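Hi,

Here is the structure I promised to pass on.

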Amino acid sequence: MANITVDGKTLEVKEGALLIEELLTNNINIPHFCYHPALGKDGNCRMCMVEIEGQKRPQIACDTPIKNGMIIRTKGANIDRVKRSILELELINHPIDCPICDQAGECQLQNYYMDVGLYESRLSTPKVHGQKHVDLGANVVLDQERCVLCTRCVRFTKNITKTDELGVFARADHSVISTFPGQPLKDPYAMNVVDLCPVGALTSKDFRFHKRVWFLQTEEAICNRCARGCSLYVDHHKEKYKDEMIYRYRPRFNDKVNGYFICDTGRLSYTYENENRNFHPMIRGKESEYEYAEGKLLRLVKRNIGKTLFVISSDLSLEEMVRIKALATMYDAQISAYEPNRFDEHFGDDFLKCNDLSSNARALPLVGIEDHYEGFALGIDKAELIVFIGRSDSGLLKDFSCTTKSIAIVYGYQPEVNEGLELLLPITSHTGRAGTFINCDGIVQFSQCAISHNSEHKKLLELLAMLIGDTLFTCSDVWNEIVCKIECFKELKFDELPKNSQKICL
Ligand code: SF4
Ligand code: SF4
Ligand code: FES
C-alpha cells in the first residue's frame with residue numbers, strides 16, 4: 001500500500017496501481033473518456049489531467065502509476081484551466097446538440113461541459129461536419145459529429161470480442177469511427193459499444209428516441225436467458241393511464257459473473273416482458289375471475305392427493321422451488337423439471353453465453369428436484385393432474401396418453417399450447433418477482449427486480465402460500481427454510497446477497 005495526498009486529503013491506496021483507478025474508487029471526480037476499467041488506458045483524450053507535486057506539467061491520471069508520498073491536485077485554478085482547454089479542443093467540431101441527443105442525461109461530455117461552463121465557441125471557422133446517421137449493424141447507429149475518438153468501441157472489438165470490426169479511418173479532424181467496407185458489426189456482444197461510448201455518438205437502434213432517460217426508473221435484476229445469469233439493470237417507466245413498460249436492459253457490473261458486459265440476446269430479451277404477458281385466467285377455455293381460478297387450482301390439487309405431477313421451470317427462483325417442494329410433500333405429489341429444449345449447442349461461446357438456457361438449474365439438486373426424462377415419464381404415468389409452473393410447454397405431453405388427465409398451467413406469459421387446458425392461471429413474469437438464482441459457476445445472486453403492472457396477478461410465492469395455507473409470502477419469509485434445508489446456504493446472509501453475489505460449493 002502507499003499513502004498519497006489528494007486535494008489535501010490523505011488516502012491509502014495500492015502502490016503501482018493506476019492513479020485514475022484509485023481516484024475513481026475513492027469517489028474523486030476525474031473527467032475521462034478513453035479510460036475504462038474493462039479496456040484499460042489509452043491516453044488519447046487527455047481529459048484526466050492532474051497536477052503532481054514535483055512534475056513540471058500536469059499529467060494524465062490514467063497513465064500514472066501510484067508512488068508512495070505523491071501529492072496530487074485535481075482542482076485549482078491551474079488544473080481547471082488545463083481541463084477547460086482540453087474540453088474546448090474536444091468540442092471544436094462537436095455539434096453540442098444535446099437537446100436532440102439520445103445520450104442526454106447520461107452523457108459524460110454533457111456533464112463535463114456543464115461543469116466547466118464553456119458555453120460560447122470561440123471559433124470563427126465553420127465546424128467540420130460528419131454524417132449524423134451511420135448504420136454500423138447489430139442495432140448500433142453512429143453519429144460521426146458527436147464522436148470524441150476515445151476508441152473505447154474500437155478497443156472493445158479488438159481486445160474483448162476480438163472481432164476487430166471497428167477502426168479509426170482518415171486523419172486529423174476528418175478521422176471517423178467506421179466498420180470495414182461490407183463488414184458490418186455483427187458479433188453477439190456488439191451492443192456493448194453503446195454503453196461504452198461516453199458520448200452520444202453510438203446509440204442503440206432499439207432504444208433511441210423511445211424514452212428520455214430521466215423518466216426511467218431502474219431496478220436490479222438477473223438475466224434469465226441462459227445459465228450465466230448476467231447482472232442487469234432494468235430501466236422502466238409507467239406513463240399516466242398506461243401500464244408499466246420496460247425500455248431496456250443494461251449490464252450491471254459484477255466481477256464474479258459478467259464483468260461490465262452482457263450479450264445482445266439477453267439485452268434484447270426485455271421485449272418478451274412487455275409483449276408476451278398473460279393477463280387472463282381461463283378455465284376450460286373461458287375467461288374467469290382470478291380468485292375463482294386460484295380456488296380452482298387449490299381444489300384440483302386437493303382432489304388429486306398422491307396423483308399430481310408438478311412440471312416446473314428451472315428458471316424459477318430458489319425460493320419458489322423450495323416452496324413447490326413443500327407443496328408437493330404436503331399433497332404427496334411428484335415434481336419434474338425435465339425440459340427437452342433446455343440446451344442449445346449453437347448458443348454458447350467462450351465468453352459469457354452458455355448452451356444451457358436455464359437460469360437456475362443448479363438449484364434443482366439442492367432442493368431435491370430431478371430433471372431427467374425417466375422421472376418425468378414415470379410421473380406422467382401415475383398422475384391424474386399435471387400442473388406446469390413457470391412454463392407452458394404442455395405440448396410435451398403429446399407422446400403420452402393424457403386424454404383423461406387434467407392439465408393446468410401457472411405462467412406469466414402467453415402459453416405455447418392453449419387447447420385442452422383445465423386451467424390457465426397467470427402469475428407475475430420474471431421482472432415482477434424477486435428471488436435467488438445460482439448460475440453455471442455456482443455464483444448465488446439475488447434478483448431484486450419486482451416491477452408491478454396494472455393488471456397484476458399474484459406472485460408465484462403468494463400463490464404457493466395460498467395453496468400451502470401459510471403466510472410465507474416473500475423471499476425473506478422463505479429464507480429460514482432455505483438455510484435450514486440447504487447445507488451450502490448456511491453461511492449466506494439474506495440481507496447481504498443483493499449487493500454481494502457469492503460463490504457456493506455445489
Ligand atoms: S464512437 Fe463513442 S466509443 Fe467510439 S470512439 Fe467515438 S466516442 Fe469513443
Ligand atoms: S450471456 Fe446469458 S445470462 Fe448473460 S446476457 Fe446473455 S443470455 Fe443473458
Ligand atoms: S482518460 Fe486519461 S487520457 Fe483519456
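Which residue in S23 is the bridge partner of Ile443? It's Lys503.

Before going on, a word on the source: this is a predicted model, where local features need pLDDT of at least 70, side-chain atom pairs count only at pLDDT 80 or more, and totals for chains, interfaces and linings use all residues. Residues are numbered from 1 along each chain as its sequence is written, while chains are lettered from A and ligands numbered from 1 in the order in which they are written.

Strands here are DSSP runs of E, at least two residues, numbered from the N terminus, and two of them pair if DSSP finds at least two bridges between them. S22 (residues 443–447) is joined to S23 by two bridges.

Now the ligands. A residue counts as near if its C-beta atom, placed from the backbone, lies within 6 Å.

- Ligand 1 has 13 residues around it, with Cys147, Cys150, Cys153, Cys197 and Ala201 the closest.
- Ligand 2 is also surrounded by 13 residues, and the closest are Cys223, Cys226, Cys230, Cys263 and Gly266.

As for domains, the assignment (automatic or from a database) gives domain 1 (2–90), domain 2 (98–204) and domain 3 (282–503). Taken over C-alpha atoms, the centres of domain 1 and domain 3 are 51 Å apart.

Cheers

Definitions and conventions
Helix = DSSP H or I, 4+ residues; strand = E, 2+ residues; numbered from the N terminus.
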